[in-house]
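Morning, everyone. I have one structure to walk through today.

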Amino acid sequence: MTKATQQTDRKSKSAPSARDVLALAAWLGVVTGLVEADLLLAFQRLHWQPFSIAQWSVSLEIVWIAIVFDLLLFVAVGVTLVGLRHWFPPLMLVRWSLFLFVWLACFDWLAISGRLHASAVLILAAGLASVAMRWFSRREPSILRFVRRSLPWAVSTALLAPVGIEGGLRLKERIATAQLSAVPPGSPNILVIVVDTLRADHLSAYGYARATSPNLDRIARQGVLFENAYAASSWTLPSHASLLTGRYQYEYGPAGDYNDGRYPSLAQVLRADGYRTGAFSANTLFFCRAFGFGRGFLHFEDYYSSWTDMASRTLYGRKFIQYSRVPLGFNDFPGRKKASEVNREFLRWVDRAPGKHFFAFLNYFDGHRPYTPPQPYRSRFANSKNPGGIINEFTFPPQTPRDLTPQQLQSERDAYDGAVAYVDAHIGELFSDLEARGLAGNTLIVITSDHGEEFGDHGLLSHGNSLYRQEVQVPLIFWWPGKVPAGVRLGSPVTNVGLPATIMDALARSGQSTFPGPSLAQLWETSGTASDWPEPLAELARMPYDPLNRRPFAHGGIKSLITPRWQYIKNEKGEELYDWQQDPEELHNLAATPEGQTVDRDLLVRLRRIVGNSFRREEVRGQSQMKEPSLPGFSRTTASQQVR
Amino acid sequence: MLLYGGPDQIIPLASALSTLSGLALIFWGKIMQAAHKIADRFLARIAKQKKPQG
């Protein structure tokens, strides 16, 4: 070969080609995904993201998910560009491809924080891509050579990342499981089922006219049902925090402070006792690892249950949802996990270590807005084929009953009841699956909810608005054949915050003072006649997400004390008093009546003794920086320990 | 860090600065050309003013 031919040959090999476009796409796709994942995790850790981004939380697996999805996206763009090569000379194609890929990468990284307007991100990303293109044009051969040589490494990263991360997590769990101490003999398995957004009075077991819960009715007949159980709050995060720590919101803080580990969680204590601990959450908004609920759980399944969910947690996935949701008429959570999937995840985990005692915490999300359970449940209680779906998570400002006609409101209730029936059916299937595995006889099962839901009651929709009975009265059922008596119904008002103490009591570990008592078991052992039973407390911090100040919490944090006759609600506007026995819908506020004023004074004193001055500090961390005004009637007294 | 370290009230300021930075980077060549031209003219004027004294 002559020297001229060799030079021509070398030049043709180094000349940019359509193949280089794909190489650049793959290389930059992997790098973009890697940096994106790191930024998502870092910003989440630092709480730097506004809620609109932070609501799609992530965990370590996002590293491989972002790499794979960005690689696929960039290669798809690259293939499209290669298809246009007939209109561009190869050099121009490669340069403009580089511009586009760098623009996509910079847009991705700049948009993650959520602290720049979209137009600013677009322009700054274009500026950075321009710089990259100018730099590339001066060093083109060496850059292309580097990309070609390092491409196998980049692609290997994309292939090995999922294997490494998923394999590593599994290995970590197996090692931790092998190191568990032996559970004391005679101990049961423990299964806590939280049906998110389940109002007690929409269950047939609680007297609802519709047969929404035949399985729960049967389970309640075989166990103990509390007719007047209350959640610690009217939204998910503080309610779940209380369920796992046995503490009220005024003790650990309004929302984000649950994470600080001040109080041990039930999962930590049971794991130390030798239990294999697992959580299976469909409410990936709040009951997830990002909010610290992973403490003590060896295994936690929240996100990534489907390809749709995975994609929705990448930056471009979020942008796609944000901008295509309205045109496509899509108003549900992408990749929303159904009860059937939660059951499948749980049973798969149990089957991996048969014979090992477990503590499992399940969250079903099917009753949460938008109410769109699968058919035939969706239309079971409705006249129309597809009721529900109007009240949804994505409307801002949030909807009020005035935005809906009476027919639409009824349609929403019908769909909600269909969702309740759907969850009930899958709870029934779960019990059958446990029986088939020989586990039912030795498992303590608790069924409850984190809060209720409003359908126009008090001029409100959904939950997290107030502390009215519709939002805080929840079902509470204990089931353990032979140990928990069958067919017992107890009417004393109780709080499901007593769950950890009750479980420890059931394990004959009530001598431990980890969780404040008393155990709810005392009530069924004494047929509900235990005296001086502590009154349930419910709390709701001021939320920054009500720009029109239409909802009760807009006027400051709310506290509520529930006695055997009264529900007392105190907030910045004033106070409310309801005789819930006579007025279960809480339509008649008796605070201004002579009797009511006497009761108010007494209950305010009792409430102040419990929570002290915690109103002053309680605001859910979010976009608002407004300070909450002080609440009249509260002084800077220190809170005394509530005896429960 | 200015763009990421503040509370939400900084968004409009950070966005404006980002937009200006992006435009500057896109038109960097032209901006530098214009800056050189202005600098050359300014220096030429100064040199002219100094000459009569010499």
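Is Val224(A) buried or exposed? Buried, with a relative accessible area of 0%. Keep in mind that this is a predicted model.

Let's stay with that residue. Val224(A) sits in strand S2 of chain A, residues 224-226. Now look across the chain. Ile477(A) is 253 residues away in sequence, yet the two C-alpha atoms are 5.6 Å apart. Set aside the neighbours within four places in sequence, and the contacts of Val224(A) are Leu476(A), Ile477(A), Phe478(A), Val484(A), Pro485(A), Val488(A), Leu490(A) and Trp524(A).

Next, the whole chain. Chain A has 644 residues, and 59% of them are buried. There are 19 helices and 17 strands. Take the contacts with a separation of 6 or more: 73% of these link residues 24 or more positions apart. The accessible surface is about 26400 Å², and carbon and sulfur atoms hold 57% of that.

Now a helix pair. H4(A) covers residues 62-83 and H7(A) covers residues 140-178. Their axes lie 8 Å apart, at an angle of about 155°. Angles over 145 degrees count as roughly antiparallel, so that is what H4(A) and H7(A) are to each other. Their crossing is left-handed.

Who makes the contact? From H4(A): Val63(A), Trp64(A), Ile67(A), Val68(A) and Leu71(A). From H7(A): Thr157(A), Ala158(A), Ala161(A), Pro162(A), Ile165(A) and Glu166(A). By class, that gives nine nonpolar residues, one polar and one charged.

That's the tour. Over to you.

How values were computed: Residues numbered from 1 in each chain as written. Chains lettered and ligands numbered in written order. Predicted model: local features only at pLDDT ≥ 70, side-chain atom pairs only at ≥ 80, totals over all residues. Heavy atoms only, no water. Helix = DSSP H or I, 4+ residues; strand = E, 2+ residues; numbered from the N terminus. Buried < 20%, exposed > 50% of the residue type's maximum accessible area, 1.4 Å probe, protein only. Contact = heavy atoms within 4.5 Å. Areas by Shrake-Rupley, 256 points an atom, 1.4 Å probe, with all protein chains shown as cover. Axes fitted to C-alpha atoms, helices over the stretch in contact; angles between N-to-C directions. Parallel < 35°, antiparallel > 145°, perpendicular 65-115°, else oblique. Left-handed = near helix turned anticlockwise from the far one by under 90°. Nonpolar A, V, L, I, M, F, W, Y, C, P; charged D, E, K, R; others polar.
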